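Hello,

Here is the structure you asked about. My notes on it follow below.

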Amino acid sequence: MKRCSVCGTQVNDATNFCTACGSAALVAETAPVQQVGPMQPQGNPQVNVLYGQVQPAPANTAERCDNGIIPLGILGAVLFSLAGGLAYFVVYQLDIIAGICGWLIFFLAGLGYRLFARTKNKASIAALITAIVTTVVMIFVAEYFCVVFACYFELRSYGYSLLDTFGVMPEIFEEIGGEFAFELVVAYAFSALATIGDIIRIVKARKAQTISGQ
């Protein structure tokens, strides 16, 4: 369309004179030019759009490798593993190989770590190491207390209290140290067999997170 510059009347493009005033001062109308600025990302937080180019957002490495608050995680692992240690003690009294409770101790230690450390990352390397160390220590402590109570039941008829039994344990271990070590090795072996699958799974998940975060 054309527009008359004198009276402003719109006329067809094929017309050379204004149909209203007869003026030949006709000018072609043009559509206003809109300036397009940088495109803003909409809807997908994982994509950054800048000047028409789509770029992947950087991986959230902090979330993927989050170990949480490590000191609190260690505290949680110890507290939760105590329940596993108690189960170990009870199973021992039933004359069952208490080492089967090693997986329970390992699981509870990992769960306690994640809850107290406030992290949901099940592949946390700090949680894995803490769970392994806590399991080793808790099995030793549980086995020691099992032996102490077994000795106490034998010595109480001689007037020994539980505290007295703890006091004479060094002398007792000179005689039963080999048996204690054997039971401890068996307990660790059963625990290793029970937890090796979980450890491998966590290590693989950790490796996958590291690769995807690069």
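Ile 176 is found in helix 5. Helices here are DSSP runs of H or I with at least four residues, strands are E runs of at least two, and both are numbered from the N terminus. This is a predicted model: local features need pLDDT of at least 70, side-chain atom pairs count only at pLDDT 80 or more, and totals for chains, interfaces and linings use all residues. Residues are numbered from 1 along each chain as its sequence is written, and side-chain values use heavy atoms, with hydrogens and water left out.

Leaving aside neighbours within four places in sequence, Ile 176 contacts Val 147 and Cys 151 (contact means heavy atoms within 4.5 Å). Val 147 is 29 residues away along the chain, and the two C-alpha atoms are separated by 9.6 Å.

**Pockets**

A pocket is an open set of points on a 1 Å grid over the protein atoms alone, where a 1.4 Å probe fits, with protein on both sides within 12 Å along at least five of seven lines; lining residues have an atom within 4 Å of a point. Grid points are joined across faces, edges and corners, and a volume is the space filled by probe spheres set on the points.

The largest pocket holds about 230 Å³. Its lining has 13 residues, with Phe 106, Phe 107, Arg 114, Arg 201 and Ile 202 nearest the centre. Helix 3 (102-117), helix 4 (125-155) and helix 5 (162-212) each supply at least two of the lining residues. Helix 3 gives the most, with five. By class, the lining has seven nonpolar, two polar and four charged residues (Ala, Val, Leu, Ile, Met, Phe, Trp, Tyr, Cys and Pro count as nonpolar; Asp, Glu, Lys and Arg as charged; the others, Gly among them, as polar).

The second largest pocket holds about 160 Å³. Its lining includes Tyr 88, Tyr 92, Glu 143, Phe 182 and Val 186. Helix 2 (70-93) and helix 5 are the elements that give two or more residues to this lining. Helix 5 gives the most, with four. Eight of the lining residues are nonpolar, one is polar and two are charged.

**Confidence**

The chain averages a pLDDT of 79, and 80% of the residues score at least 70 (pLDDT is the predictor's confidence in each residue, from 0 to 100). Over residues 45-65, pLDDT stays under 50. Where pLDDT is low, the predicted coordinates should not be read in detail.

Best wishes
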